[in-house]
Amino acid sequence: MFNKKLKTKSVIIGRRKRVNCKEDSDLRDCFVDLFDVNNPHLCNKAPKKIFEFEGKHKIVIKDLDVNYLLLGHDLVINDLKEIEIKEDKEHIHITGEQK
């Protein structure tokens, strides 16, 4: 199981296209990308770290201010000091500290 606490400025969270999961399954592959700038979707900076997870049912985010990007269906969390990512069977739990 994955369990990490990481220093970062922002993250983008989203799902991948269905590749490893069956069509009738409610599981999806997802990603958490870490960046050293706020609003990384507005610039051409590559993520400083990429975490990919296969076959997850949901991502649970607690106590963080989150922005939903309608165009790409991704979530952005800015103004972070650190983030903690925990994998628990079919779920990913994300907490952290914002400025």
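Predicted model: local features only at pLDDT ≥ 70, side-chain atom pairs only at ≥ 80, totals over all residues.

K56 belongs to strand β4 (residues 49–56) and E87 to strand β8 (residues 80–88), so the pair ties together parts that are 31 residues apart in sequence. With a relative accessible area of 6%, K56 is buried, because the cut-off for that class is under 20%.

## Other charged pairs

How many salt bridges does a search of the whole structure find? The search finds seven. As background, side chains of opposite charge can pair when their charged atoms come close.

One of the salt bridges joins K86 and E84, with the closest N and O atoms 3.6 Å apart. K86 is partly exposed, at a relative accessible area of 37%, whereas E84 is buried, at 19%. Salt bridges with shared partners also join K5, K7 and E82 into one network. A further salt bridge is formed by the side chains of D36 and K45, at 3.5 Å from N to O. Here D36 is partly exposed, with a relative accessible area of 45%, and K45 is partly exposed as well, with 43%.

## The sheet of four strands

An open sheet of four strands has the order β1-β8-β9-β5, and its pairing is mixed. At the edges stand β1 (3–7) and β5, each with a single partner strand, so one side of each is left without a neighbour in the sheet. Direction ignored, neighbouring strands of this sheet are turned by 20° against each other on average.

Within the sheet, β8 and β9 run antiparallel and are joined by eight bridges. Among the residue pairs here, I83 has G96 in β9 as its bridge partner. The two strands form a hairpin with two residues between them, and K89 in the turn has a positive phi of about 55°. The parallel part of the pattern lies between strand β5 (residues 58–61) and strand β9 (residues 91–98), which pair over four bridges. In that pairing, K58 has H91 in β9 as its bridge partner.

## The sheet of five strands

The order β4-β3-β2-β7-β6 describes an open sheet of five strands with antiparallel pairing. Its edge strands are β4 and β6 (67–69), and each of them pairs on one side only. From one strand to the next, the twist averages 20°.

Strand β3 (residues 28–35) and β4 run antiparallel and are joined by six bridges. Across this pairing, the bridge partner of F31 in β4 is E52.

## Cysteines

Which count of disulfides does the structure hold? The structure holds zero disulfides. A disulfide, in general, is a covalent bond between the sulfur atoms of two cysteines. C30 counts as buried, at 5% relative accessibility. C43, in contrast, is partly exposed, with a relative accessible area of 32%.

## The chain as a whole

The chain has nine strands and zero helices. Read along the sequence, its pattern is β-β-β-β-β-β-β-β-β. Strands of a sheet pair through backbone hydrogen bonds, either parallel or antiparallel.

For 99 residues, a compact globule would have a radius of gyration near 13 Å, and the chain agrees with this at 13 Å. The C-alpha trace spans about 40 × 30 × 20 Å along its principal axes. Of the 99 residues in the chain, buried residues make up 34%. Among contacts in the chain with a separation of 6 or more, 58% are between residues 24 or more positions apart.

Terms used. Residues numbered from 1 in each chain as written. Heavy atoms only, no water. Disulfide = S-S within 2.5 Å. Buried < 20%, exposed > 50% of the residue type's maximum accessible area, 1.4 Å probe, protein only. Salt bridge = Lys/Arg side-chain N within 4 Å of Asp/Glu carboxyl O. Pairing = 2+ DSSP bridges. Axes fitted to C-alpha atoms, helices over the stretch in contact; angles between N-to-C directions. Rg over C-alpha atoms; globule rule 2.2 N^0.38 Å. Contact = heavy atoms within 4.5 Å.
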